[in-house]
Structures are given as C-alpha cells and as structure tokens.
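Work through the exercises below with the sequence and structure in view. Try each task before reading its solution.

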Amino acid sequence: MTDKVFEKAITKQFEFDEEVASVFDDMLNRSVPFYKEMQRLTINFALNFLEENDKVYDLGCSTASTLIELSKHSHSKLDLIGIDNSEAMINRAKKKAKAFGVDIKLINDDLDNISYENAKLILSNYTLQFIRPLQREKLVKKIYNNLRNEGIFIFSEKVISSNKILDKQYIDEYYEFKKTQGYSEFEIAQKREALENVLVPYTEEENKKMILDVGFDHCETLFKWVNFATFIAIKK
Ligand SMILES: C[S@@+](CC[C@H](N)C(=O)[O-])C[C@H]1O[C@@H](n2cnc3c(N)ncnc32)[C@H](O)[C@@H]1O
Ligand SMILES: O=C(O)C(=O)C[C@]1(C(=O)O)C=C[C@@H](O)C=C1
C-alpha cells in the first residue's frame with residue numbers, strides 16, 4: 001500500500017501504529033535513500049560472519065523484511081529472532097514470514113524486556129534513533145554484553161552533521177530526495193513535525209563513540225548517503 005499518512009493534518013506525534021504499519025514497507029523504501037542497497041549490504045556482511053545455527057536478533061524488526069531477506073540468502077540454518085514493541089508491525093511480520101515460508105521467532109515486546117543472550121549477530125536498522133538518549137546508551141551496553149565473543153552488531157541511523165552549515169544542506173538534500181519519491185512539501189513538513197523529539201539523531205562520530213564506549217573493539221561506517229549511515233561494530 002502507498003504511504004499517504006501525512007497527506008492530512010497531523011494530530012499527534014509519529015507512532016508505529018496500525019496506519020503506519022499498513023504502509024510501512026512503501027514508507028521506508030521512499031523515505032530512506034538507498035534502503036534496498038543498505039539492506040543488501042547488511043545481509044552480505046552479516047552472512048560473512050554467520051555459521052549453522054547461529055543466533056541472529058533484529059531489534060526493531062518492523063515487518064521483518066531484513067530477517068526474511070537474510071533467511072532467503074543464507075545457505076545455513078539460522079536461529080532468527082525479531083523484536084518490535086509495535087503490535088501492528090509484529091502482526092504484519094508474522095503474516096509476511098508465513099507467506100515467504102520463513103521460520104522466524106517474532107516477539108512483540110520492548111527491547112528493554114528481552115535478553116539477546118548468546119547472539120552471534122545483532123541487527124538494528126533505524127531503531128536506536130527512536131530510543132531516548134539515556135536508554136539508548138544502556139541498550140547499546142546490553143547489546144554488547146549479550147553478544148558472544150567475536151559477535152557483530154550492524155546498525156543504521158539517520159545522522160546529523162556537527163557543522164551547522166552542512167547540517168542545513170543535509171536536510172535540504174534529504175527533502176529534495178523525498179520530493180523525488182513523490183512526497184509533497186506539505187507531507188514532508190507534516191512528518192518533520194510529527195518526528196520532532198521522537199526521532200533523535202546523533203552525528204556519525206557520536207554513534208561511533210557510543211559504540212566504542214561500551215567496549216566494542218571496532219566500529220566503522222559501511223555505507224553513508226548524506227544523513228543516513230550504516231555501521232558495523234565488532235566485539236573481540
Ligand atoms: C524505522 S523502524 C525499523 C525498520 C526496520 N529495522 C527495517 O529495516 O525494516 C523502527 C522500529 O523500531 C520499533 N521500536 C521503536 N522503539 C522500540 C522499543 N523500545 N522496543 C521495541 N521496538 C521498538 C518500532 O516499532 C519500529 O517498528
Ligand atoms: O526522517 C524522516 O523524515 C524519515 O522519514 C525517516 C524515517 C526513519 O529514518 O526511520 C522515519 C520514520 C519512518 O520509520 C521511516 C523513515
């Protein structure tokens with residue numbers, strides 16, 4: 001279904017509710033530049049590190065697109081677990097996984113309430129940005145603690161620039177992208193307002209610092225388009 005969520009005047013902050021979930025795959029494809037390429041890279045790099053029966057968690061899995069693609073491309077049997085606190089997203093994820101014949105454990109809960117023990121790989125694309133900064137640091141520490149030695153964390157985030165002039169250019173460039181995807185200036189402005197204080201982006205450097213501060217041995221940028229970045233972090 002096509003995303004028309006912000007064609008009408010907004011009455012509340014952005015939420016991953018039934019209305020958003022029903023158009024989410026289209027929303028993400030049209031709102032995140034190179035989303036499909038980012039997903040392809042996430043999967044290819046993930047597969048380099050995975051072996052038979054490894055445990056893989058997707059934190060904020062939404063409709064389970066990434067886990068379904070990972071499963072389709074893996075030659076080994078993997079233990080796939082997706083977590084999302086939006087019931088509407090998890091319901092869609094369950095239907096999609098069934099339709100694709102993919103075995104994924106899908107859990108409708110807050111990321112705080114679940115242990116990701118013994119994970120070889122943790123994925124989290126465009127989810128940390130929705131976690132309050134204090135909680136975010138705690139969650140990243142938990143991710144580190146739950147990963148096995150030599151475990152991998154791949155995550156993507158909307159990012160800002162610490163340079164005010166460049167940051168304004170980032171935003172302008174991103175809104176130009178949204179226009180090319182068929183969003184009107186009204187829809188863009190409405191969504192911007194709805195996301196205010198809900199999506200809290202860090203700079204690329206702040207993201208890397210947060211990762212290294214909790215103990216990861218290595219963190220680097222795998223992919224970046226202006227204000228969207230994908231990172232890979234390795235635990236020793
Ligand atoms: C932008 S979407 C993620 C997109 C998805 N990773 C993908 O690539 O298709 C963010 C997701 O995180 C979920 N989320 C946000 N905060 C959460 C929390 N505290 N616990 C669990 N899920 C959360 C939302 O419900 C939403 O589905
Ligand atoms: O920042 C925006 O305007 C976006 O649309 C980005 C973004 C994201 O990065 O998650 C925000 C909410 C939706 O989940 C889809 C895309």
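**Exercise 1.** In which loop does Ala64 lie? Then decide: is Ala64 buried or exposed?

Solution. The model is predicted. Start with the place. Ala64 lies in the loop between S1 and helix H3 (65-73). Next, look at the backbone. The phi of Ala64 is near 70 degrees, a positive value in a residue other than glycine. Now count neighbours. Ala64 has 26 other C-beta atoms within 10 Å. The cut-off for buried is 20 or more. Therefore Ala64 is buried.

**Exercise 2.** Locate Asn53, and decide whether Asn53 is buried or exposed.

Solution. Begin with the loop. Asn53 is found between helix H2 (35-49) and strand S1 (55-59). Check phi. Asn53 is not a glycine, yet its phi is positive, about 70 degrees. Count again. Asn53 has 10 other C-beta atoms within 10 Å. Exposed residues have 12 or fewer, so Asn53 is exposed.

**Exercise 3.** How many helices and strands does the protein have, and what percentage of its contacts between residues at least 6 apart in sequence join residues at least 24 apart?

Solution. Count the elements. There are eight helices and eight strands. Turn to the contacts. Of those between residues at least 6 apart in sequence, 75% join residues at least 24 apart.

**Exercise 4.** Which feature does UniProt place at residues 56-151, and how far apart are the end C-alpha atoms of that span?

Solution. Read the record. The unreviewed UniProt entry gives "domain: Methyltransferase" for residues 56-151. Go to the ends. Their C-alpha atoms lie 10 Å apart. Within the span, 39% is helix and 27% is strand.

**Exercise 5.** How many residues surround ligand 1, and which elements give two or more residues to the shell?

Solution. Count the shell. Ligand 1 is surrounded by 19 residues. The closest are Phe16, Gly60, Ser62, Asn85 and Ser86. Name the elements. H3 and strand S2 (79-84) each give two or more residues to the shell. Sort by type. The shell holds nine nonpolar, eight polar and two charged residues.

Notes: Residues numbered from 1 in each chain as written. Chains lettered and ligands numbered in written order. Predicted model: local features only at pLDDT ≥ 70, side-chain atom pairs only at ≥ 80, totals over all residues. Helix = DSSP H or I, 4+ residues; strand = E, 2+ residues; numbered from the N terminus. Contact = placed C-beta atoms within 7 Å. UniProt positions renumbered as here; feature names shortened; annotations may be inferred. Near = placed C-beta within 6 Å. Nonpolar A, V, L, I, M, F, W, Y, C, P; charged D, E, K, R; others polar.
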